[in-house]
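Hi,

Here is the structure I said I would pass on. Have a look at it first, and then read my notes below.

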Amino acid sequence: METTKQYDVIVIGGGPAGMAAAIKAYEEGKGKVLIIERNDSLGGILPQCIHNGFGAVNFDRDYPGPQYAYMYEKKLRSYDIEILLDTMVLEISAEKEVYAMNSAMGYLHLQSKAIVLAMGCRERTRSQIRLPGTRAAGIYTAGTAQRLVNIEGYMPGKRIVILGSGDIGMIMARRFTIEGAKVLSVLELQPFLTGLRRNYVQCLQDYGIPLHLSTTVNKIMGADRVEAIETVQVDEQYNPIEGSEEIIECDTLVLSVGLIPENEISRKAGVKLDRRTNGPIVDSYMMTTIPGIFAAGNVTFVYDLVDYVSQAGELAGLNAARYARNERIDSQLGIRLKPGRNVGSVVPQKIMITKDDETGTSITLRPNALIEHRVTVELKYGDETVVSFKEQYARPAEMMFHKLKEKELARLEEIKSGELTAVIS
Amino acid sequence: METKNFDVVIIGAGIVGSMVAQRLSKFKLSVAVLEKEVDVGMGQSTANSAILHSGHDPEPGTMKAKMNKRGNELWKQYAPELGVEICDTGALVVAMNPEEKKQIKVLYERSNENGIEGVEMWSRAQTLAREPHLSPECTGALWTPTAGVIDPFEGVVAAAEHAALNGVQFFFNTEVQHMVVEEGKLTTVKTNRGDFHARWFVNAAGIHSDEIMHMVGDRPDFVIRARRGEYMIFDKAKVKVSNVIFPMPTENGKGILVSVTAHGNTLIGPNAHAIEQKEDTAVTKFGLSEILEQSKKVVPTISAQDVIATFSGVRATGNYCPDGSHRDFLIEISKRVKGLINLAGIESPGYVSSPAIAEEVERLLREEAGETFEDKEEYQPTRQPRVRFAKLSHDERAELIRKNPAYGRIVCRCEEVTEGEIVAAIHAPIPAMTYDAIKRRTWLGTGRCQGSFDYPRTMEILSRELNIPMTEITKRGPGSVFLFRKTKEIVEAGGTDGNNKAV
């Protein structure tokens, strides 16, 4: 196949990370920038998130999802950036070729100097948590249910049980209720809420929807459509407590049991993935292990606020444009960063020492333990603490950020390469 | 209701019924297939290990041994005619300790007795070289090169469609309720969709084949016991084996296998547990842990983290000796009523045996019943497979989209299934009328996201192509609707659909 077109930066994915990346790449390089989106509109998952809670960091506002997306789309469309909608990227190569297609233009073979991966994430399914029972109709992931209700305009259930107290699950509990369905209960395997507290208050408490912690689905029943589910309480080791089973008659089970970065095309190109985050290993420039291929947003690490996703997109877009302009982005020297005690995952996995203020000298980490008191986060080089900061608490539902200070960077420069471990105590 | 007349009526559109239909479609006969479900292959034909067994395992001299070996040969002969792909993987029966190693010899001798070609006894090193993911504890294996893997859905659909192309009529949602015997001869079956008369009836009702016999008082002691087997499928990017790997068989059966599937995933299972209700295809916590633990002993890299799908299938374990001593396929012209052929107790390896069973049905009709068949002049010897976009090269894809833009729109992103393929499946000789029917034909929704992304679009396409409302689209037939109503639709007074708190 012949190459159809040449670009400086191709951004794959038109969600919050991709739009921010394309905008920044254009502003930085004024080169040929293309953004490719699978859906027939921009915004990624945002257009179906009609609740508010977006933009507090980047706009100092409380926007609903479509409004937040529109802010970026407006800017994107005001620039000379090419946009391909309803277009699927099937493959990319380490040489930064992109194979994509749509029904209007057919099969496309594009070439770029830099690529930004911004494909977002997908939801964990029923099989992945090995939920026992029948395979009846009426089992949906929260995002699919959200799309059916908010975009397609259809109700997938009347009497609904939600498994998982993540934000999407709680928001959908409220949404279903407003649309006239009965949400019987929200179940959570963990002994604590996994979504934001504000969503618990605004989505469950305010609507009288019960939350049951340390409880999960033991069995799905119903041959054609879900007829009931059996719930069970679990002990601290997540083992079912015998005798605590309860049957809830319902027609729908909605799963909100976690998100996984979507990296099929990254993997095909040979981008190295981190088993912890399920996303590409990135450095402070958001560059992956393949030079010139960058990644940003939920494709690298599932963020809890869209504002941070956009910021990560900007960083990737900026550096992709610089790379396309042949500016040297040193990927050789860097300090590896790995999660230690009470830390689930960290991004970037490689800290680059740079004096450039615009480039990333921030780290993002997600705790994997619930500590409801003041904690210290440390980056340790052997026994030595190189970076240290305090937080009010550590909750798995909330990420932590830290922008490295000059003094800390100076110390890192002395280390140059090697490995740091992030711990929370 | 109207009455229909046929030469042959086949009860059940599983792999056995479809293969019999395909076989008989060569001749000048009017043939009907009655299926109580909404599609072909809804029972045990599709929820199984999808292996074309070599025939090394069945007890020599049994119908099973004979049908298995012949069936394996016939599948390979039919594949190009039916337009199905067969993966010639071969199979390893692995020994995991010195005790089991001794059994390789026993199996080897049995294979020879069954006339299986190419079977070899392999050392540990030879075995590990062929399948490096095997546990280092492996002590050797029996190698059977004629075993293979198939897409079980595609096999049934292809056989049924080839039959349909050659004039066989399929009646779905059609359940046999009653049978009429006149002067010792079965003449009519009564269904929820009217009466079907025929000269011959073929009982290919799978787990319900005993009930069909009992309707005419045939073999009251033949009882099908349903055994459920659970399975798991893994993300192809994470877990990868390239063979069919059996553990050493025990008295309880062939054991939990680890196998590559026709689509390149790794599949583990099945266990075997007796169940009360024949259609109970739930998966259980216990069962899933059981197959996971067992398979890890053989392939240690298998991890629960990488599971993308779990399912279970029901097998028809039948026998015609009340004491259960001699378990075999029952393939016969009924001794009790004329005009009935029983194909019952077709448990594993039934799938691979199916074309041989069909051949046997033809033999019974010719040699025992004295039927003569005339070839159909307009017989179409081959069925064209439908396009699988994911398997095409870049250039082929470009060409296809140029011809039909519907192939330019991906609906299932994990398995790269296009709108064009979905539309083609809906308008195929055996039309795909439900989400699951499309899934079985195109492989949509079988990947990592398990339909999360494709549900809404697939429903829309079904709604458009079948010209029915979204609220009537089902997962797998009556009762399995996806959607109840539109949002903002006024709920009828007294309806239970709502919270009082709704705003």
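**What turned up**

Across the interface of chain B and chain A, the rule finds seven salt bridges. Before you read too much into any one of them, keep in mind that this is a predicted model.

One salt bridge to look up is between the side chains of B:R457 and A:D86, at 3.4 Å from N to O.

β11 of chain A (residues 154–155) pairs with β23(B) in the antiparallel sense, over two bridges. If you want to find the spot, go to A:Y154, whose bridge partner in β23(B) is B:K486.

Now for salt bridges in the whole structure: over all chains it holds 63. Another one to look at joins the side chains of A:R275 and B:D306, at 3.4 Å from N to O. This pair crosses between chains: A:R275 sits in the loop between α6 (264–269) and β20 (293–295) of chain A, while B:D306 sits in the loop between α7 and β18 of chain B.

**Chain B on its own**

Chain B has 12 helices and 23 strands. Its radius of gyration is 23 Å, close to the 23 Å that the globule rule gives for 503 residues, so chain B is as compact as a globular protein of that length. Taken along the principal axes, the C-alpha atoms of chain B fill a box of roughly 70 × 65 × 55 Å.

There are also a couple of cis peptide bonds to check in chain B. One joins B:G269 and B:P270, with omega about -5 degrees, and B:P270 lies in the loop between β16 (266–269) and β17 (273–274) of chain B. Another runs from B:S348 to B:P349, with omega near 0 degrees. You will find B:P349 in the loop between β20 (340–344) and α8 (350–368) of chain B.

**A sheet in chain A**

Chain A has an open sheet of five strands, in the order β10-β18-β12-β13-β14, with parallel pairing. Which strands stand at its edges? They are β10 (139–141) and β14 (211–212) of chain A; each has a single partner strand, so one side of each is left without a neighbour in the sheet. For β10(A), three bridges join it to β18 of chain A (residues 252–255), and the two run parallel. Within that pairing, A:T141 stands opposite A:L255 in β18(A).

A:N326 is placed in the loop between α7 (306–324) and β21 (335–339) of chain A.

Over to you!

Key: Residues are numbered from 1 along each chain as its sequence is written. Chains are lettered from A and ligands numbered from 1 in the order in which they are written. This is a predicted model: local features need pLDDT of at least 70, side-chain atom pairs count only at pLDDT 80 or more; totals for chains, interfaces and linings use all residues. Side-chain values use heavy atoms; hydrogens and water are left out. A salt bridge is a side-chain nitrogen of Lys or Arg within 4 Å of a carboxyl oxygen of Asp or Glu. Two strands pair if DSSP finds at least two bridges between them. Helices (H or I, at least four residues) and strands (E, at least two) are DSSP runs, numbered from the N terminus. The radius of gyration is taken over C-alpha atoms; the globule rule is 2.2 Å times the number of residues to the power 0.38.
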